[in-house]
Amino acid sequence: WATELGLTPQQCLAGTRTTPAAIRVPDAEVTAQQELKAIANIVASLGDRPGLGLQAAARYPVTAFGVWGFAILTSPTVGEAIDVAVRFVQLSYAFCTFEARRHGDDLSIVIDARAVPASIRRFVLERDAAAIPNLCREVLGAEPPPSRIAFALPDPGSAVSFYEEMFGAAPEF
């Protein structure tokens with residue numbers, strides 16, 4: 001994905017102590033620090049552009065979620081899938097924390113990216129938040145039915161279309 005945007009694998013992986021060949025091995029392990037460094041390299045090269053994390057997330061198939069995705073896929077109901085997803089998010093690639101809040105029939109999923117370095121926070125928040133509609137599409141075969149989406153981010157201007165496309169609704173900023 002980043003090479004399609006003009007970056008070389010070497011630019012993306014600089015300082016990660018891994019190589020393009022190594023990450024193409026299906027059972028390769030990439031540490032959280034290596035992934036954060038690669039994200040930092042990409043964001044530093046391309047700029048902290050709104051929608052960049054969403055563009056990356058659009059390329060994640062359900063298989064990218066590993067055992068976490070499998071646990072969600074095998075949940076008997078959507079409600080249980082959400083509970084499993086939030087409870088076991090540490091088994092995913094997410095760097096944000098997720099919390100499910102129920103208010104009657106309404107469900108809110110609060111995603112907190114404060115622990116992520118500020119220079120890559122937008123990218124990681126977008127990427128991690130996009131796991132929700134990506135999984136809904138893969139699990140349910142349909143778009144998620146959001147009633148409201150809000151981000152504690154500056155308004156992205158014309159890049160709002162990336163958010164609308166990913167989440168199926170215009171978010172508040």
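These are my notebook entries on a predicted model.

**Ground rules.** I number residues from 1 along each chain as its sequence is written. Local features need pLDDT of at least 70, side-chain atom pairs count only at pLDDT 80 or more, totals for chains, interfaces and linings use all residues, and side-chain values use heavy atoms, with hydrogens and water left out.

**Entry 1: the core.** I began with the largest nonpolar core, which has 40 residues. Such a core is a set of buried Ala, Val, Leu, Ile, Met, Phe, Trp, Tyr and Cys residues joined through side-chain atoms within 4.5 Å. Buried means under 20% relative accessible area, exposed over 50%, and partly exposed in between (1.4 Å probe, protein chains only). Val124, Phe151 and Phe167 have the most contacts inside the core. At least two of its residues come from each of α3 (32-46), α4, α5, α6, α7, α8 and α9. Helices (H or I, at least four residues) and strands (E, at least two) are DSSP runs, numbered from the N terminus. I then looked up valine 124: leaving aside residues up to four places away in sequence, it touches Ile39, Phe95, Cys96 and Val116. Contact means heavy atoms within 4.5 Å.

**Entry 2: helix α8.** Which residues of helix α8 (residues 131-140) are buried? I found Ala131, Pro133, Asn134, Leu135 and Cys136. Their cover includes α4 (52-57), α5 (66-73), α7 (121-129) and α9 (160-167).

**Entry 3: serine 75 and α6.** Where is serine 75 found? I located serine 75 in the loop between α5 and α6. Serine 75 counts as buried because its relative accessible area is 15%. A polar atom of its side chain lies 3.0 Å from the backbone oxygen of alanine 71. Not counting residues up to four places away in sequence, serine 75 touches Glu80, Ala81 and Val84. Ala81 and Val84 are also among the buried residues of helix α6 (residues 78-87), and that buried set packs against α5 and β1 (97-103).

**Entry 4: cysteines.** How many disulfides did I count? The count is zero, taking a disulfide as a pair of cysteine sulfur atoms within 2.5 Å. Cysteine 12 is buried, because its relative accessibility is 9%; cysteine 96 is buried at 5%.

**Entry 5: arginine 49.** Last, I visited the loop between α3 and α4, where arginine 49 is found. Arginine 49 is partly exposed, since its relative accessible area is 37%. Arginine 49 and proline 156 are 107 residues apart in sequence, yet 8.4 Å apart in space, C-alpha to C-alpha. Not counting residues up to four places away in sequence, arginine 49 touches Leu5, Arg122 and Glu126.

Methods. A polar contact is a pair of N or O atoms within 3.5 Å; within protein, one must be able to donate a hydrogen and the other to accept it, and residues adjacent in sequence count only if both atoms are side-chain atoms.
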